[in-house]
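Here is a short walk through a protein chain. Keep the structure in view as you read.

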Amino acid sequence: MENRIGNDGIKNVIECKGISKYFGEGANKKEVLSTMDLSVKENEFVVILGPGQSGKSTLFRMIAGLEKPSTGHIYVNGKEVTGPNPVIGYVFQRYTLFPWKTVMENVEMGPKLKGVGKKERREKAQYFINLVGLNGFEDAYPHQLSGGMKQRVGIARAYANDPEIMLLDEPFGQLDAQTRILMEQEILRIWEKEKRTVCFVTNNIDEAIFLGDRIVMLEGKLPSKMKKIYNVDLPRPRDFTDLAFLELREEITGETELAL
Amino acid sequence: MSKILEANPNTEVLEGARSSFSIKKILYNKYVLYVISICLFLIVLDLFAVLQVFGNFMPRPIEVLTTLINMTVTPLAGKTLPMHLWASLRRVLIAFAIAVFIGVPVGVLMGFSSVANAIISPIFHLFKPMPPIAWISLAILWLGIGEASKVFIIVIGAIVPCILNSYNGIRLVDESLKDALRMLGGNRRQEIIEVIFPASFPAIFAGLQISLSMAWTTVLAAELVGAREGMGFIIVMGMNLSKPSMIIAGMIVIALTAFMISMAVNYLERWVCPWKTELETTE
Amino acid sequence: MGENKKNMFLKVLSVVSIVALFLGWQLVVDFGIVPNTLLASPKQVIEMFIYKISNANPDGAVLWVHVMTSLQEALTGYLLALVIGIPLGLAMGWFVVVEGLARPIFEMIRPIPPVAWIPLAIFWFGIGLAGKVFIIWASGLVPCVINSFVGVKMTNPVFIKMAKTYGATDWEIFKDICIPSALPMVFGGLQVALAASWTALVAAELIAADTGLGFLITMGRRLLKPDMIILGMMMVGLTGVIIGIIIDKIEKRLVAGVNK
Amino acid sequence: MQACIQKEPKVTVNNLTKRFGNLLVLDNINFHVGNGEFLCIVGPTGCGKTTFLNLLSKLIPPTKGNICIDNVEADPKKHNISFVFQEPSCLPFRTVKENIAYGMQVKKFPKQLMEERLQKTMELVGLTDCADLYPSQISSSMEQRVAIARAFAVNPDLLLMDEPYGQLDVKLRYYLEDELIRIWEEFKTTVIFVTHNIEEAVYLAERILVLSNKPTTIKAEVKVDLPRPRKFTDPKFIEIRKHVTELIKWW
């Protein structure tokens, strides 16, 4: 509670204190994440950058309350995380849409679980479906959509539940390069319109620099630790060919290990 | 050079253009081959029959057809062919209903509760390797030669896929879908209603499908031993009367019924879970 | 810790469940709740087992002969099904002409339950080995063909494209790409075919046989000896499981040879 | 356009056109690739790139026009054409070494030559240590390198590459791109490299063809005469990159 207000007077929404995570016991014990401190400010766009299998998803699952940290504490809005909390909207890497529900039914799921009336939740869902640019696809089933569209539904579904914090776990990892760039622009557009605190996991350096206010770089090997934090103060929209962009990229690239 | 290319017949085959009459192309057409295949099959059968390769026990296709038509109108053992078919179908449906009624809840229970699973699964695995047909003797001993013993055997055959698929369906629900619902604020009850049941439904339905075709196979076996009506009875009669055309006519009806059952179930599935079947047709 | 304890508890529960089943069964017979003419107790079944090891009465053959007869019939039919079904299925999967010619006939025969072949098989091949082998062959053939066919059809199209760009002929692609790709699927079919063959065997022996496990069961009914019926059933189950395990072992070794 | 070609043409594409039914996908494409040239092709999403490549590799026949290698109609059975696919294309049931040898086996290379080239390519790509591993035992970037080694091993007249590094992270991509250039310089192979990534195209190519949206035509040709190794932050590099980006955006 004590230092929820950062030096700049903006409150910290997420605070991770000395968290670590290991799986298994005894000889099989495998540490995935070791002593990490991280705080995220309100309406900040933080990108967690690390190669595959570096415990990024585990970190997110702990913040979301889907898993418990082995040591340390996580606070969201000053309260310790004990279980899944709808204050957090989670967008999964593998889309995880409910395949038996249409786009509309998927998006309105959050309000429906809370017991919001049909008319009201439809309106809300419609707003976010329009926001992600899927109007006209309300009655389509997930398997009828392309990868990019599926992830739009995932984003709309998370937003429709009125989260204060969005966790995006490598949301564009399965998209092709072109769609990916398009979706990166989209996520910024949506974020500008519906400001939330966003945490975004990726292994793509371009993506990290294009999106983030702050880039938290993780160690490549397990157990992963925080390696470095970069503040990205380039104006948006950022340009992939901008010299400052490229220089920052070179700097970050220099820090990463080559994983053949 | 481009002229030569345009005239290349190979180009046309791959393109599927309309206007070329190469013999190779016609011979490579699947449907043409299908027709050739069926014609050849019938001719070979006929030849076998005429040349008496299997003595008198291979009827000519045309004989089979007349027998088939004959049986649909003339009663055999007091019943026409459709009535025999219905006798078998009725047994199948009763037994299937019982198998579903018992098997699905048991499988679901095993999927949800590890304690129930620990109690039931060893017994289930003890009985599973015994083919349902092996129960015939015991069933007749216990329930006599009437309907009850036949239904009993079919239930034994049909219940296995019901239990197995329901159990696996519930157990193997994608964990990340449960996570997704929990992140949206769903509680355990909502998780069961909104995720576990719909997600396991295709697996359970597939179990019913297998169960129904198992039931159809088993009913024939059950009717081979001491039945007075049914499709199994017809082929046994054919054997006893030394009338192979009757056996083959019976087999045709049996095969057609099996085919129709599976078609019907497929349509039903498309109707009850459109989100799954469309996936199969589009990909 | 808690996890281990729970697993232990579940294991004990499984053992208890089996023991209770046999105990209950024994008691039900001992106290005459079910008359001994309808059900034999486990003890009686074991006594019958010991008796049948060395005595040919009352059904004309010792247990060993029954088992061997059944095995001989089943394995002959099964091996014939493999030898014919697998190459046929593989060829159907790749060569249009083979598929076009074989598929309609196969589709006509496929829905016929193997049991329905029994009368014809007896007519054509008599009630000896040949008749039963035919029935078992017919039931084992279907899964062999289907799995090999599907295995080839599922060959990754990229592999085929790759081979084509190098100028491989149709036959070379079939031999070097399609067959190895289909092998795991083919092996999967072996187990299915075995189960089908074993069921068909029992059915065939029930109708027409003078030795074999199915015959033993039938004789038990005719002689009103439930202990013999149950012994027969258990031997069928047990033998089936044992061949299943052996096939599984062979399969694992072969797949290991192919894949790793 | 002719002026741009300095090396003698190895591959010529004449009036290449492809229709599917009434849908015109490729419209009258003409270009040359010089002997040993590294040509990159970039275009917007859905520009019929796959069809284009399938035509070049002769997997599907064109509606009109042709492709000639050394002035002879291209034919996979006569010419050595290699294709590196975007998807992993290593045969899972062959070891790394056997995978690399696959193309040469199809081409019926004599045994001694095959062994020689096998050793050379494996060394160049740095795969000697994992020669006897199966694809499931190596990482996906390794797998892609196996596919590339297999493609170079047959000494192809024409090597087609379909975005082979699409899903890899930047650092790895730099490394593999450098490796690709190294192998290319060693073998002097004629390469057509298709990519969405403009930066990658500028880094690799001697010449870039920019495709238009459907029906696909060649909209522009950009020569890249920067010295190697190239630097992403080089102002000239950025200039070319921006220029190509503009060309693609304009439709």
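This is a predicted model: local features need pLDDT of at least 70, side-chain atom pairs count only at pLDDT 80 or more; totals for chains, interfaces and linings use all residues.

Residues are numbered from 1 along each chain as its sequence is written, chains are lettered from A and ligands numbered from 1 in the order in which they are written, and side-chain values use heavy atoms, without hydrogens and water.

Chain B has 14 helices and 0 strands. Helices (H or I, at least four residues) and strands (E, at least two) are DSSP runs, numbered from the N terminus. Of the 283 residues in chain B, 47% are buried, meaning under 20% relative accessible area with a 1.4 Å probe, protein chains only. The accessible surface of chain B is about 14000 Å², by the Shrake-Rupley method with a 1.4 Å probe. Carbon and sulfur atoms hold 70% of that surface.

Now find helix H8 of chain B, residues 136-143. Because 6 of its 8 residues are buried, H8 is largely enclosed by the rest of the structure. Among the buried residues of H8(B) are B:Ile136, B:Leu138 and B:Ile140. B:Gly144 follows H8(B), with a positive phi near 80 degrees.

Next, look at helices H6 (residues 81-112) and H9 (residues 147-171) of chain B. Their axes lie 6 Å apart, at an angle of about 35 degrees. Axes are lines fitted to C-alpha atoms, for helices over the stretch in contact, and angles run from 0 to 180 degrees between N-to-C directions.

Key
Buried means under 20% relative accessible area, exposed over 50%, partly exposed in between (1.4 Å probe, protein chains only).
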